[in-house]
Structures are given as structure tokens and as C-alpha cells.
Amino acid sequence: MDADRTHPLFAQRMDRLTVPATIAMAQRARNLRAKGEKVLSLALGEPDFATPAAVIEAAHRAALDGQTKYPPVDGTPALKAAIARKFARENGLDYAPAEIMVSNGGKQVIFNAFMATVQPGDEVVIPRPYWVSYPLIVQMFGGTPVYADCHEADGFRLTARALEAAITSRTKWLVLNFPNNPTGGTMGQADLEAVAEVLRRHPHVHVLSDEIYEHLLYDGLRHHSLAAVAPDLKDRILTLNGVSKAYAMTGWRVGYVGGPIPLIRAMTAIQGSATSGICSISQAAAVAALDGPADIIAQMCAVYAGRREMVVSTLRAIPGLTCAMPHGAFYAYPGIAGCMGRVSAGGHRLETDQDFAIALLTEQHVAVVHGSAFGQGPYLRLSYATSDDILKESCARIARFVDGLN
Ligand SMILES: Cc1ncc(COP(=O)(O)O)c(C=O)c1O
């Protein structure tokens, strides 16, 4: 019964919950490992650093102090106050505690927001390539994702023209995610102003601005929040963030959002019926992370920056590959159009980027995710949130794989 979603037990919405290609690739890599092969993985969107020690100590203290009871559904007063300080300090945004809620990771913020608002007939504009969860969650609630294409030549930014073309009278949301997963693309102040100009012409469109990679920026770039660039639109914007990526805290499951009170109340009502409040100890840890020294993030960023240089320069030197310089997050998104139609040394014909990713895994034991899993191929997504040694060896194997193509 496991895989058979047509069984009468299952609700119709399960038909729309397809298994993301990212999960399928991870499973392939696990299968190879189970056979004893040493697989190098650049497939995970997760920092390889340890959570800062001061954060872990704060969690320990909180547990010993008895912060072990059901917390409020929308977040502890201490964490909401720390989030309000963070928004003011780092984003120039003034959110009162009533305009803030804490969730089980940024992912539950998205789930709450769309569950509260999206129904059949509604459209959600999603810049493409996209993080796979956005369309999956939209579809789960019967909404229709409408894609606005972002191109390598534009640094994978969302242009005003692509946005304008995607909006209809049925559009309920625009999802913005910059710095971007999977491309590492960023949007500067002028880019966001152009988006805001379009949104002013369409007052029925709300924005979920997913800024979870805001701190992972290179080349001296500064992050801008849409709600700060366009304060007149603030009552239509949810500003999403979390501690997973910036503080290497993926397992603690703390995300948060600032937004208009009616929406925050509706999302809190949903969360109250789903998970209740977020782990009290994780919330205490998140206070320590947000109020802690900023140089922790700068140190991780400096390491990512060095890895980015190494990965991008190696990929660019491989004939048949292109690679836009990613200015944010921890992903490179090389184009592999020059490899399509060729045959690998192991005899695999490469018609799609998925063929490339599977053949690379099978023949060189390097796991990456193909771009079409994120809506745009032929590309690959490589995460450089892993050690220098693994990155060097993986890039060498990719070069060897491409060199062996006929
Ligand atoms: C673009 C983006 N948004 C949100 C998230 C959610 O992260 P979390 O639920 O760990 O806060 C992720 C995680 O991969 C992501 O890539």
C-alpha cells in the first residue's frame, strides 16, 4: 500500500504530493553507500559546521532551568523579542511581537501561510529555478504554481518583466527567495525596487519573502529586505527567516516570520492545531544565536567564500560547462548544455541533466542534484557546504567524467 496513492484510504491531495527529485537522488546515493561504495555528496543544503558552542550551552541551561513545559504556540516572549531586535538591527524592519511568530523551521512558516490562504483557483507566482517545497505546498492546498523564469544571463534575478507577465487576477502570492536556493542568485536594492513597482500595480498580490540565506552573501554585497525597500507594501509581505542556515542549526527546527497581524493570527491558529509551540529548548538556543556575536556568521561566510572560488573556477575550466558566479547562499549552479547528447565513458547517453546526475553518481560516485528538479535544466546544483577535501575530489571526478564523454 505504501507507494499506491490511488488506494481509497488516501485523500485526493496526496495525488499532488509527488516525491521531489532531490529526495530520489539522495535515495540513489544511499543505495550505493549501502553497497559499500564511497559516495561524495554535494547534494545537501545543510551547513557542515557545528552549531556554535554558546548556543548549545544556552540550550543546556534552559533545560536545567526548567524551560521544559509547553511553550506558547506563537513563540516564547524571549525569542519573539530577540527576533524583533534582529529585524530592527539587521533589516531595518520594525515588527512588534504581535507581528511575529515562531515555527518548526522556515518550512512550517510556508506551510502555515499557504494553508491559511491558498485554495483551488488561486495562483502563486514562483520564480524558476525554485526550491522544491514551494510548488509542492501550493499544490497540496489545491493552488496553481505559475512560474516566472530567471535566467543565467541575468544572474538568475527575477526581472520586473517576468513578474508582470506571470501575474493574473487570480494571483494570491509571489514567493521571493533571494539569496536563492538553488542558484545562489541575489537581488540588490534596485532589483527589489523594480519588483515593488510591479506589485504596486497589483494590490491583490501578497509576498512571501524567504530570506533564510540573507547572511550568506559574498563580494561585499548587503542584503535588502523587500519590506524595508518598499515600506508601503509591508502590510502585504511576510518576511521569513530562521536559524538553520546562518547558525548551522538545521536540526533545532526554528524558523520565524514577521507580517501583518491578521495573517500571523491565522497562521498561529493553524500551528496550534498542528504542532503547538516549538521545542522550548530550541527556542532558548535561538535567542542565544540571534543575540550572540555576529562574527560567528562572518567566519563561516569567509570559509564558504573560499570554497565558492575553488568550485566555480574548477567548474569553469571544464570544457562544456558554464557557471555563473553565485553571490549568495552555498550553491553553484553550473550549466551542462555542452554535455547533452553525448555518451559517458560508462555508456550512458546523456539526454537530460537527470541522465548526467545519475551517470555521474553511478560512474564517479559524486551525488549532485539536476537542475530540472528545481524547474530549470540542463543544470546541476552543487552545494559547497562541505569540506575542502570533498569539494576538491568531487570537482576532480566531475572533470574526469566530462573528459570521458564521447
Ligand atoms: C529556500 C529555503 N527556504 C526555507 C528553507 C527551510 O529551512 P528550515 O525549515 O530548516 O528553516 C530551506 C531549507 O532548505 C530553503 O532552502
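Visitor: What is the order of the strands in the open sheet of seven?
Guide: The order is S2-S8-S7-S6-S5-S3-S4, and the pairing is mixed. Strands here are DSSP runs of E with at least two residues, helices are runs of H or I with at least four residues, and both are numbered from the N terminus. Before we go on: this is a predicted model, where local features need pLDDT of at least 70, side-chain atom pairs count only at pLDDT 80 or more, and totals for chains, interfaces and linings use all residues. Residues are numbered from 1 along each chain as its sequence is written, and side-chain values use heavy atoms, leaving out hydrogens and water.

Visitor: What makes S2 and S4 the edge strands?
Guide: Strand S2 (100-103) and strand S4 (144-149) each pair on one side only. Two strands pair if DSSP finds at least two bridges between them. From one strand to the next, the twist averages 25°.

Visitor: How do you know that S3 pairs with S4?
Guide: Count the bridges: six of them join strand S3 (residues 123-128) to S4, and the two run parallel. The cut-off is at least two, so S3 and S4 pair. In that pairing, glutamate 123 stands opposite threonine 144 in S4.

Visitor: Which strands does helix H5 touch?
Guide: Helix H5 (residues 133-140) packs on the sheet and touches S3, S4, strand S5 (171-176) and strand S6 (206-210). A contact means heavy atoms within 4.5 Å. The direction of H5 makes about 150° with that of S4; axes are lines fitted to C-alpha atoms, for helices over the stretch in contact, and angles run from 0 to 180 degrees between N-to-C directions.

Visitor: Why are the buried residues of H7 said to line one face?
Guide: Start with the list: Leu192, Val195, Ala196, Val198 and Leu199 are the buried residues of H7. Seen down the axis of H7, they fall within an arc of 155°, so they line one face of the helix. That arc is taken over the directions from the helix axis to the C-beta atoms. Buried means under 20% relative accessible area, with exposed over 50% and partly exposed in between (1.4 Å probe, protein chains only). The cover over these residues includes helix H6 (160-166), S5, S6 and helix H8 (226-229).

Visitor: Why is serine 344 called buried?
Guide: Its relative accessible area is 2%, so it counts as buried. Serine 344 is found in the loop between S9 and helix H12 (353-364). Leaving aside residues up to four places away in sequence, serine 344 touches Glu363, Phe401, Gly404 and Leu405.

Visitor: Why is the pair of phenylalanine 87 and tyrosine 95 called edge-to-face?
Guide: Rings of Phe, Tyr and Trp (its six-membered ring) pair if their centres lie within 6.5 Å; planes under 30 degrees apart are stacked, over 60 edge-to-face, and the rest tilted. The centres of these two rings are 4.9 Å apart and the planes are at 65°, so the pair is edge-to-face. Phenylalanine 87 is buried at 0% relative accessibility, and tyrosine 95 is buried at 3%.

Visitor: What makes tyrosine 213 and phenylalanine 330 a tie between parts of the chain?
Guide: Tyrosine 213 lies in the loop between S6 and H8, and phenylalanine 330 in the loop between helix H11 (295-316) and S9, so the pair ties together parts that are 117 residues apart in sequence. This pair is edge-to-face too, at 5.5 Å centre to centre and 90° between the planes. Phe49, Tyr213, Tyr304, Phe330 and Tyr331 form one aromatic cluster.
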